[in-house]
Amino acid sequence: AEMIKLMFQHAQKHPGLIPQFFFMTLGITGATLYLIRLARGPHVTLWDKKNNPEPWNQLDPTYQYKFVAINTNYKNLKKEGPDF
């Protein structure tokens with residue numbers, strides 16, 4: 001709470017710092033949310049190594065595991081390799 005109070009005091013004395021505080025807060029929030037998303041993960045690799053040691057083998061080849069797929073059309077992919 002003391003840090004936020006100090007930020008407001010600096011912003012009152014130096015209004016040019018307001019955009020910097022805004023973008024720093026935006027960046028820190030975005031990085032935190034992205035790390036939480038990574039930690040929760042796509043449901044490809046669940047952290048259950050005892051019951052499901054290789055979860056990627058149970059995925060359908062048309063499952064889009066990437067956040068953004070630019071060059072790959074997952075709907076047309078076929079499974080290669082042995083069936084499990």
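**Close-up views of a predicted chain**

View 1. Among contacts in the chain with a separation of 6 or more, 7% join residues 24 or more positions apart. The model is predicted. The chain holds two helices and zero strands. It has 84 residues, of which 8% count as buried. The chain exposes about 8000 Å². Carbon and sulfur atoms supply 63% of that area.

**View 2. The annotated segment, residues 17–36.** An unreviewed UniProt entry annotates residues 17–36 as "transmembrane region". In the model, this stretch is 95% helix and 0% strand. The C-alpha atoms at its ends are 29 Å apart.

**View 3. Phe23 on helix α2.** Helix α2 spans residues 18–40 and contains Phe23. Is Phe23 buried or exposed? Its relative accessible area is 55%, and over 50% counts as exposed, so Phe23 is exposed.

**View 4. The aromatic pair.** One aromatic pair turns up in a search of the whole structure. Phe22 and Phe23 form this pair, with ring centres 5.1 Å apart. Their planes meet at 75°; an angle over 60 degrees counts as edge-to-face, so the pair is classed that way.

**View 5. The nonpolar surface patch.** Which residues form a nonpolar patch on the surface? They are Phe22, Phe23 and Leu26. Together these residues have about 350 Å² of accessible area. Phe22 and Phe23 are also the edge-to-face partners.

How values were computed: Residues numbered from 1 in each chain as written. Predicted model: local features only at pLDDT ≥ 70, side-chain atom pairs only at ≥ 80, totals over all residues. Heavy atoms only, no water. UniProt positions renumbered as here; feature names shortened; annotations may be inferred. Helix = DSSP H or I, 4+ residues; strand = E, 2+ residues; numbered from the N terminus. Phe/Tyr/Trp six-rings, centres within 6.5 Å; stacked < 30°, edge-to-face > 60°. Buried < 20%, exposed > 50% of the residue type's maximum accessible area, 1.4 Å probe, protein only. Contact = heavy atoms within 4.5 Å. Areas by Shrake-Rupley, 256 points an atom, 1.4 Å probe, with all protein chains shown as cover. Patch = residues over 30% accessible without salt bridge, like charges linked within 9 Å, V, L, I, M, F, W, Y side chains within 5 Å. Salt bridge = Lys/Arg side-chain N within 4 Å of Asp/Glu carboxyl O.
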